[in-house]
Amino acid sequence: MGRIVLVTGGGSGIGRAVAARFRAAGDTVVVTGRNGERLARAAAEIGARAITCDATDPEQVARMADELGPELDVLVNMAGGNTDLTAPAGEGLGEVLRAWRANLDANLLSAVLTTTAVRDRMRPGGSIINIGSIGAEYAASSYGAAKAALAAWTAGLSSEVGPKGVTANLIAPGYIAETGFFHGKLSEDRRSALIAATHNGRAGHPDDVAATTFFLASEGARHITGQTLHVNGGAHTTR
Ligand code: NDP
């Protein structure tokens, strides 16, 4: 099909599966991430191009956009993760503020920065796909609140890029196993509870999200924009 596809956070987990799905269709794929070594390895295996970039750093994002080139068809804002799992807030309001800002940076502002840097080069027929979370439905955490804000922003973005023939949608995955997100941080009880909350009794797989992403970027999805698409096996809470 010959499209140019950018997947932020494309060096592991769901992003890697998304990148591989587009590559399998013959698209040119660029993946980004902070861990340059892992990114380069994944890119070589997939047949993608790697650009090391922290999506929360405006200077790195501007440089990545320069390296990307003048045209883009599909932008997948996958970079993110619950920073509370790796750097929980300590005591005091200052620590709470730091922890909230970390999740807002990682999950909301990363997508805002990347989209702002590349949206003017998107060709008609293009698609922007942001990755939210089931956690946005019960946003008692900074992670859930960041993903809820990302969903709201995506709907507004759709109205801005729509006249240029570009769609903007958000995929909200439920629990997706076999990624770095929960790696080593999920008790067996919690994992069982997440699976029990689904209607089909299974954990999601990165390929489930990859298939949905690929569809949203296809001609058949041209009239789908400004939407949140839930890929969660029917689960509707992470409480
Ligand atoms: P992974 O940890 O495997 O993937 C996250 C990817 O994002 C990594 O490749 C990481 O690369 C990259 N990343 C994180 N922060 C940045 C940053 N600041 N700049 C650039 N890249 C960054 O987990 P998943 O594949 O599970 O997560 C992918 C997305 O799916 C995330 O947005 C997550 O919130 C979302 N999600 C995941 C769910 C799950 O159950 N797994 C459920 C719902 C949503 P690097 O470290 O090299 O920067």
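I shall go from the overall fold to the core, and then to the ligand.

Let me begin with the conventions. This is a predicted model, in which local features need pLDDT of at least 70 and side-chain atom pairs count only at pLDDT 80 or more, while totals for chains, interfaces and linings use all residues. Residues are numbered from 1 along each chain as its sequence is written.

The protein chain has eight helices and seven strands; these are DSSP runs numbered from the N terminus, helices being H or I with at least four residues and strands E with at least two. Its radius of gyration, taken over C-alpha atoms, is 17 Å, close to the 18 Å that the globule rule gives for 239 residues, so the chain is as compact as a globular protein of that length. That rule is 2.2 Å times the number of residues to the power 0.38. Along the principal axes, the C-alpha atoms fill a box of roughly 45 × 40 × 35 Å.

UniProt, in an unreviewed entry, places the feature "domain: Ketoreductase" at residues 3-179; such annotations may be inferred rather than shown by experiment. Over residues 3-179 the chain is 47% helix and 21% strand.

I turn to the interior. Of the 239 residues, 47% count as buried, meaning that 20 or more other C-beta atoms, placed from the backbone, lie within 10 Å of a residue's own. The largest nonpolar core has 63 residues; a core is a set of buried Ala, Val, Leu, Ile, Met, Phe, Trp, Tyr and Cys residues joined through C-beta atoms within 7 Å. Helix 6, residues 142-161, gives the most to this core, with seven residues.

Val29 is among the core members that touch the most others. Where is valine 29 found? It is found in strand 2, and it is buried, with 26 other C-beta atoms within 10 Å.

Finally, the ligand. It is surrounded by 30 residues, the closest being Gly9, Gly13, Gly80, Thr179 and Gly180; a residue counts here if its C-beta atom, placed from the backbone, lies within 6 Å. Helix 1 gives the most to this shell, with three residues.

Key. Buried ≥ 20, exposed ≤ 12 C-beta atoms within 10 Å, placed from the backbone.
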